[in-house]
Amino acid sequence: MARRSETGLDSPKGLRTPFVFRLGGNKDRVGRFSESFARAMGTSGFLVGMSVFVVLWLAYNTWAPEMAQFDPRRLNYTLLTLILSLQASYAAPLILLAQNRQDDRDRVQFEQDRQRAERNLADTEYLAREVVALRLAVRDLASKDFIRAELRALLEELEKEKDPEGAG
């Protein structure tokens, strides 16, 4: 009796084979496809191509011999209606998926911008505090006029001390 796989249900999930086949295993691939599909459907080339396709379909099935028509007018172009409905039923979810992915990217970008703004604000506040600290430190430094006045005072003191010795 051959076993389907060597690992049983008691093995870790990553080691055993999936019991049910899952479609769309790679969400990123489906997302990229939906974005390219939505991007293509939003072009003027797609609209012109689709319009040409519908006009040719209608023209052929209206004026071709009745035996050659595959979607006759007397049946109100049922096949064309079905094809366009099928296209719309697939297009809408794919466009929404692409839009959701764009919203996710925008949300991440917004969060990164917010964090960058917070860092810039913190840096600006730090620099402002440093400038204030430097201004306070400069205010405490002796100015040129203060040093001159102090030197004059010391010189006058020395001269006063020198004069009594010289006079006596």
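Residues are numbered from 1 along each chain as its sequence is written, and side-chain values use heavy atoms, with hydrogens and water left out. Because the model is predicted, local features need pLDDT of at least 70 and side-chain atom pairs count only at pLDDT 80 or more, whereas totals for chains, interfaces and linings use all residues.

A pair of aromatic rings is described by the distance of the centres and the angle of the planes. Rings of Phe, Tyr and Trp (for Trp, its six-membered ring) are taken to pair if their centres lie within 6.5 Å, and planes under 30 degrees apart count as stacked, over 60 as edge-to-face and the rest as tilted. The count by this rule comes to 4 aromatic pairs. In one of them, tryptophan 57 and phenylalanine 70, the ring centres are 4.9 Å apart and the planes stand at 90°, so the pair is edge-to-face. Tryptophan 57 belongs to helix H2 (residues 44-63) and phenylalanine 70 to the loop between H2 and helix H3 (78-140), so this pair ties together parts that are 13 residues apart in sequence. Helices here (H or I, at least four residues) are DSSP runs, numbered from the N terminus.

Tyrosine 60 is itself partly exposed, with a relative accessible area of 39%. Together, Phe53, Trp57, Tyr60 and Phe70 form one aromatic cluster.

Side chains of opposite charge can pair when their charged atoms come close. With a salt bridge taken as a side-chain nitrogen of Lys or Arg within 4 Å of a carboxyl oxygen of Asp or Glu, a search of the whole structure finds 9 salt bridges. One of these joins aspartate 28 to arginine 32, the closest N and O atoms being 2.4 Å apart; both residues lie in helix H1 (residues 27-41), 4 residues apart, about one turn of the helix. Aspartate 28 is partly exposed at 37%, as is arginine 32 at 45%. A salt bridge is also formed by the side chains of glutamate 66 and arginine 74 (3.4 Å, N to O), where glutamate 66 is exposed at 54% and arginine 74 is exposed at 60%.

Within helix H3, arginine 114 and glutamate 118 are 4 residues apart, about one turn of the helix, and their side chains meet in a salt bridge (2.4 Å, N to O). Arginine 114 is partly exposed at 35%, and glutamate 118 is partly exposed at 45%. Elsewhere, salt bridges that share partners join Asp28, Arg32, Glu35, Arg101 and Arg105 into one network.

Technical notes: Helices (H or I, at least four residues) and strands (E, at least two) are DSSP runs, numbered from the N terminus. Buried means under 20% relative accessible area, exposed over 50%, partly exposed in between (1.4 Å probe, protein chains only).
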